[in-house]
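Please read this briefing beside the sequence and the structure shown below.

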Amino acid sequence: MQRFVKVVQWSDWEVPWLANTPMPYPLSELHFDASQYDAEMARAEADRWWQVHS
């Protein structure tokens, strides 16, 4: 993941793959608006629905 001012880029994916088997196609880069990315990350960090309280 890299940030370029107003863009967040995901690239250089590392995907588990069978040994000695070529990937059928390269995985593409993904680009996100940085402000939207930041807002979604903040929302995800604040969302604790999955926590179990006993």
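Glu-40 counts as partly exposed because its relative accessibility is 41%, where buried means under 20% relative accessible area, exposed over 50%, and partly exposed in between (1.4 Å probe, protein chains only). The model is a predicted one, in which local features need pLDDT of at least 70 and side-chain atom pairs count only at pLDDT 80 or more, while totals for chains, interfaces and linings use all residues. Residues are numbered from 1 along each chain as its sequence is written, and side-chain values use heavy atoms, with hydrogens and water left out.

**The chain as a whole**

- Taken along the principal axes, the box filled by the C-alpha atoms of the protein is roughly 45 × 40 × 15 Å.
- Of the 54 residues in the protein, 9% are buried.
- Among contacts between residues at least 6 apart in sequence, 42% join residues at least 24 apart, with contact meaning heavy atoms within 4.5 Å.

**Surface and charge**

- The protein exposes about 5,200 Å², and carbon and sulfur atoms supply 60% of that area; accessible areas come from the Shrake-Rupley method with a 1.4 Å probe, and for residues only the protein chains shown count as cover.

**Val-5, between the strands E1 and E2**

- Val-5 is placed in the loop between strand E1 (2-4) and strand E2 (7-10), and although it is not a glycine, Val-5 has a positive phi of about 55°.
- Val-5 counts as exposed because its relative accessibility is 74%.
- Although Val-5 and Arg-48 are 43 residues apart in sequence, their C-alpha atoms are 29 Å apart in space.

- Gln-9 has its place in strand E2, and with 11% relative accessibility Gln-9 counts as buried.
- Ser-11 belongs to the loop between E2 and strand E3 (30-33), and Ser-11 is also buried, with a relative accessible area of 16%.
- The side chains of Gln-9 and Ser-11 are joined by a polar contact of 3.2 Å; such a contact is a pair of N or O atoms within 3.5 Å, and within protein one must be able to donate a hydrogen and the other to accept it, while residues adjacent in sequence count only if both atoms are side-chain atoms.
- When neighbours within four places in sequence are left aside, Gln-9 is in contact with Met-1, Gln-2, Phe-4, Glu-29, Leu-30 and His-31, and Ser-11 with Gln-2 and Glu-29.
- Glu-29 is found in the loop between E2 and E3, where Glu-29 counts as partly exposed at 43% relative accessibility.
- Not counting residues up to four places away in sequence, Glu-29 touches Gln-9, Trp-10 and Ser-11, and a polar contact of 3.3 Å joins its side chain to the side chain of His-31.
- The C-alpha atoms of Glu-29 and Val-52, which are 23 residues apart along the chain, are separated by 35 Å.

- Asp-33 lies in strand E3 and counts as partly exposed, with 34% relative accessibility.
- The side chain of Asp-33 reaches the backbone nitrogen of Gln-36 at 3.0 Å, while the C-alpha atoms of Asp-33 and Ala-19, 14 residues apart in sequence, are 35 Å apart in space.
- Glu-40 lies in helix H1 (residues 34-46), and its C-alpha atom is separated by 15 Å from that of Gln-9, 31 residues apart along the chain.

Conventions:
Helix = DSSP H or I, 4+ residues; strand = E, 2+ residues; numbered from the N terminus.
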